[in-house]
Each structure stands twice: as C-alpha cells, then as structure tokens.
Amino acid sequence: MIASVRGVVAAVSPAAVVIEVGGVGLSVQCAPGTAANLRVGEAARLATSLVVREDSLTLYGFADDDEKQIFELLQTASGVGPRLAQAVLAVHPPDAVRKAIANADTAALTRVPGIGKKGAERLVLELRDKIGPVAVGTDGAAGVTVGSWPEQVRQALIGLGWTAGQADQAVTAVAESLDGPVPPIPVLLKQAIRLLGRTR
C-alpha cells in the first residue's frame with residue numbers, strides 16, 4: 001500500500017497530477033479541488049490510496065489523511081467504487097460527508113452525481129455505525145456527538161419523519177425529565193415519541 005507520496009509536481013490536469021518521487025513520475029488521480037491547489041515545479045505531499053484491479057493499479061490522491069479515510073470508508077458500502085467515492089469528496093468536505101450520513105441527510109448525498117435517493121439511503125444505512133464521532137453544528141446541542149444518546153434519539157426521530165426542530169425539542173424535553181441513570185436508547189426514544197405524539 002502506498003499511503004502517501006511526497007515530491008515535486010511535474011504536471012497538473014483537472015483529474016490527475018504527476019508527482020516525481022525519486023526520479024519516478026507517479027500519476028495520481030485527484031478531485032479537481034485538490035489538483036487546483038498544486039503548482040508545477042513546487043513540492044507537494046498527498047495522502048494516497050492504491051486501488052488494485054486485475055487490469056490496473058490506480059493511485060488516488062487527497063489533500064489530507066482525513067479525505068483519504070472517508071474515501072476508503074465510502075468504498076465499504078455496496079455499490080460504491082473509487083470514482084464514486086472521489087466524486088463525493090469533490091462535492092462535500094469530509095466533515096460534511098460525516099454529518100450527512102449521521103443525520104440521514106439524503107438530500108445532501110444526492111447532490112453528488114451518480115448517487116440517487118436509494119443510493120443515498122444505502123450509504124446512510126451501511127455507514128452510519130462506521131463513521132465515528134461527528135460534532136453537531138448549529139442544528140443540535142453543542143458538544144453532542146454521534147454515539148451519545150441525544151444524537152441517537154434525534155437521528156431516529158428524523159428517520160421516523162419528524163423535522164429536525166421537532167426532534168431537538170423532544171430530545172431537550174426528555175433530557176430535562178431525566179433523574180438518575182440514563183435509560184437505554186429504546187426507552188428514551190419511546191418517551192420522545194410520546195411527547196411528539198401530543199404535539200402532532
């Protein structure tokens with residue numbers, strides 16, 4: 001596995017760059033945003049992922065290791081190859097990909113050419129448990145991460161059809177009602193649904 005390359009940029013095109021490493025020019029497939037930041041004649045480092053096929057060895061390059069991690073994670077979902085994974089990163093930065101998957105934001109995922117509604121739903125289903133902690137932005141409580149009960153309950157409510165605002169209100173109400181140890185997620189979810197049932 002070639003995990004990264006460092007050398008002088010010999011050529012740049014919208015989809016690929018050539019990096020000279022020890023006298024050898026390596027062709028590296030890059031998203032347009034990554035390639036745009038490289039200049040011929042300047043030194044550069046790219047995190048890389050080598051994709052091996054029967055008839056080819058293709059090196060994909062990324063601005064940092066975070067992009068590479070998401071690229072490799074996306075390919076663990078059924079139906080996602082390296083070109084589609086790279087297309088996702090051409091549209092969304094890594095944090096946005098994580099948030100879209102964590103929050104089941106299929107609208108954001110379908111903005112990627114080649115991903116339809118069913119494909120987006122499959123990504124959420126298969127990758128949600130693999131993406132790790134995700135910081136919640138202005139639409140959630142500060143400091144809450146995926147894996148904590150408020151975010152899990154919030155995601156479940158959104159998945160059941162309530163809006164993000166309704167889910168946030170229910171999670172806040174449930175949190176305020178807690179006294180002592182936190183019950184299991186299914187118990188908290190039922191409590192939130194009961195609260196929302198009164199407001200529908």
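The secondary structure of this protein, taken from a predicted model, comes to 9 helices and 5 strands. From the N terminus on, the elements run β-β-β-α-β-β-α-α-α-α-α-α-α-α. The radius of gyration is 21 Å, well over the 16 Å that the globule rule gives for 200 residues, so the protein is more spread out than a compact globule. The C-alpha trace spans about 70 × 30 × 25 Å along its principal axes.

**Surface, contacts and charge**

- Of the 200 residues in the protein, 37% are buried.
- The accessible surface comes to about 10700 Å², and carbon and sulfur atoms account for 55% of it.
- Among contacts between residues at least 6 apart in sequence, 48% join residues at least 24 apart.
- The protein carries 19 positive and 19 negative side chains, and the centres of these two sets lie 6 Å apart.

**Nonpolar cores**

- The largest nonpolar core has 25 residues, and those that touch the most other members are Phe-71, Leu-74, Ile-101, Leu-109, Leu-123 and Leu-127.
- Two or more residues of this core come from each of strand 5 (56–62), helix 2 (65–74), helix 3 (82–91), helix 4 (94–102), helix 5 (106–109) and helix 6 (117–127).
- Another core, of 12 residues, lies apart from the largest one, and its members include Leu-157, Trp-162, Ala-170 and Leu-189.
- Leu-109 is in contact with His-92, Ala-100, Ile-101, Ile-115, Ala-120, Leu-123 and Val-124, leaving aside its neighbours within four places in sequence.

- The buried residues of helix 4 are Pro-94, Val-97, Arg-98, Ala-100, Ile-101 and Ala-102.
- These buried residues pack against helix 2, helix 3, helix 5, helix 6 and helix 7 (149–159).
- Ala-104 is placed in the loop between helix 4 and helix 5, just after helix 4.
- The phi of Ala-104 is near 55°, a positive value in a residue other than glycine.
- Ala-104 has 26% relative accessibility, which is between the 20% limit for buried and the 50% limit for exposed, so Ala-104 counts as partly exposed.

- Thr-34 lies in helix 1 (residues 32–36).
- Thr-34 counts as buried because its relative accessibility is 8%, under the 20% cut-off.
- Ser-13 is 21 residues from Thr-34 in sequence, and the two are 11 Å apart in space, C-alpha to C-alpha.
- Asn-37 lies in the loop between helix 1 and strand 4 (43–53).
- Asn-37 is exposed because its relative accessible area is 62%, over the 50% cut-off.
- Asn-37 and Ala-63 are 26 residues apart along the chain, and their C-alpha atoms are separated by 8.8 Å.

- Thr-76 lies in the loop between helix 2 and helix 3.
- With a relative accessible area of 43%, Thr-76 is partly exposed.
- Thr-76 touches Glu-126, Leu-127 and Lys-130, not counting residues up to four places away in sequence.
- The C-alpha atoms of Thr-76 and Leu-123 are 9.4 Å apart in space, while the two residues are 47 apart in sequence.
- Leu-125 lies in helix 6, and at 70% relative accessibility Leu-125 counts as exposed.
- Leu-123 and Leu-127, by comparison, are listed among the residues of the largest nonpolar core that touch the most other members.
- Leu-125 and Ile-101 are 24 residues apart in sequence and 8.4 Å apart in space, C-alpha to C-alpha.

Terms used:
Residues are numbered from 1 along each chain as its sequence is written. This is a predicted model: local features need pLDDT of at least 70, side-chain atom pairs count only at pLDDT 80 or more; totals for chains, interfaces and linings use all residues. Side-chain values use heavy atoms; hydrogens and water are left out. Helices (H or I, at least four residues) and strands (E, at least two) are DSSP runs, numbered from the N terminus. The radius of gyration is taken over C-alpha atoms; the globule rule is 2.2 Å times the number of residues to the power 0.38. Buried means under 20% relative accessible area, exposed over 50%, partly exposed in between (1.4 Å probe, protein chains only). Contact means heavy atoms within 4.5 Å. Accessible areas come from the Shrake-Rupley method with a 1.4 Å probe; for residues, only the protein chains shown count as cover. Lys and Arg count as positive and Asp and Glu as negative; His and the chain ends are not counted. The place of a charge is taken as NZ of Lys, CZ of Arg, CG of Asp or CD of Glu. A nonpolar core is a set of buried Ala, Val, Leu, Ile, Met, Phe, Trp, Tyr and Cys residues joined through side-chain atoms within 4.5 Å.
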